[in-house]
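Keep the structure in view as you read.

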Amino acid sequence: MLYVVIAFLCLGILLYFLLGGADFGAGIIELFTHRRNIRKTRTTMYHAIGPIWEANHMWLIIAIVILFVGFPRIYSTMSVYLHIPLVLLLIGIIARGTAFVFRHYDAVVDEMQVVYNNIFVYSSFLTPLFLGIIAGSAVSGHIDTQADNFLDAYVFSWLHWFSVAVGLFTVALCGFLAAIYLIGEAEEQDRRRFVEKALILNIVAVVCGALVFVAAQVEGVPLLEWLFGNAISFTAIVLATLSLALLWILLRRGQGKVLRVLAGFQVTMILLAIGWAHFPDFILLRGGDHLSLLETQAPAATINALGWALVLGSVFILPALFYLFYSFQKKPIHDFEV
């Protein structure tokens, strides 16, 4: 049952990145959209992220609950030593969601709309930035549980070149995913604009990915060994690269559904390559120590109960989620105009 719980944890993280990441990316795209196109972009965005908006944070909650119940030592270590970026992440999620609702449903259209818009777009940028920083910090080897001062324990555990580079890479991937998803939702006359944004953001993602490699070299993170030192990670990177080439070819044709599958596959392969390289270690600590999913689990009775709860819960959640997507896709795009 332990591997069932781990599988749900990995699935929750993956789906949060693919769905929640695209949700954040919609705000990133709006941040860099010209004023003359902002209304059309928002209309398309509301239609595209409707089902994602309703369910995206469910995956984050599932992942957090799994860590809290099933792997308490990992949960407590992240909560203590990464509490600053975690708090900033949560503030960004709350501020973004609040601003999105207020600007859409506020009965009075006044100068506060500008405030709502700014909060939404900038928190859409900062939230995935800190999400990537947390992920990068967990595997960077900078978390020092033996630190004897505040800066080493709670600041430099996450504030370093590698984690920041991973954060920027995460932002670029989120924007890229959103642009790909929006291509299939945009009207014919606007589709080319989102294709161009997808191409630009893909280039930005590649550049940020290169920065991650440079930062890893500077910080002594063995990223090259992780990605090319085992067959699974190497194969995943090769498949991600091939899917990138195919995606560029198909982008010009604007084939929305195929592009979504390719973009999701590409991101999945990137996460697989990184995750498999040090599995089952979830956190790499300073000094070579680590926290493993196979060594820090809760008692067997807790894991069994958690595993059955996840299995039975998925029987109810997944069909409802598919129906949610189906229902939103049936709505005409003009229903979301603001």
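**Confidence and helices**

Q: In which helix is confidence lowest, and in which is it highest?
A: This is a predicted model: local features need pLDDT of at least 70, side-chain atom pairs count only at pLDDT 80 or more, and totals for chains, interfaces and linings use all residues. Residues are numbered from 1 along each chain as its sequence is written, and side-chain values use heavy atoms, with hydrogens and water left out. Confidence is given as pLDDT, the predictor's confidence in each residue, from 0 to 100; helices (H or I, at least four residues) and strands (E, at least two) are DSSP runs, numbered from the N terminus. The lowest mean, 79, belongs to helix H2 (residues 38-70), and the highest, 95, to helix H3 (residues 72-81).

Q: What is the mean pLDDT of the protein?
A: In the protein, 91% of residues reach 70 or more. The mean is 86.

Q: How many salt bridges does the structure hold?
A: Side chains of opposite charge can pair when their charged atoms come close. A salt bridge is a side-chain nitrogen of Lys or Arg within 4 Å of a carboxyl oxygen of Asp or Glu. The structure holds 2.

Q: Which residue forms a salt bridge with Asp23?
A: The closest N and O atoms of this pair are 2.8 Å apart. Asp23 lies in helix H1 (residues 2-31) and its partner in helix H4 (residues 83-105), so the pair ties together parts that are 73 residues apart in sequence. Asp23 is buried, at 0% relative accessible area; buried means under 20%, exposed over 50%, partly exposed in between (1.4 Å probe, protein chains only). The partner is Arg96.

Q: Which residue forms a salt bridge with Arg103?
A: Here the closest N and O atoms are 2.7 Å apart. Arg103 lies in helix H4 and its partner in helix H1, so parts 73 residues apart in sequence are tied together.

Q: Is Ile28 buried or exposed?
A: Ile28 sits in helix H1. Its contacts beyond four places in sequence include Ser124, Phe125 and Val171. Because its relative accessibility is 3%, Ile28 counts as buried.

Q: With which side chain does the side chain of Ser140 make a polar contact?
A: Ser140 is in helix H5 (residues 112-140). At 8% relative accessibility, Ser140 counts as buried. A polar contact is a pair of N or O atoms within 3.5 Å; within protein, one must be able to donate a hydrogen and the other to accept it, and residues adjacent in sequence count only if both atoms are side-chain atoms. At 3.4 Å, the partner is His160.

Q: Where does Pro280 lie?
A: A cis peptide bond joins Phe279 and Pro280. Its omega is about 10°. Pro280 lies in the loop between helix H11 (256-277) and strand S1 (281-284).

Technical notes
Contact = heavy atoms within 4.5 Å.
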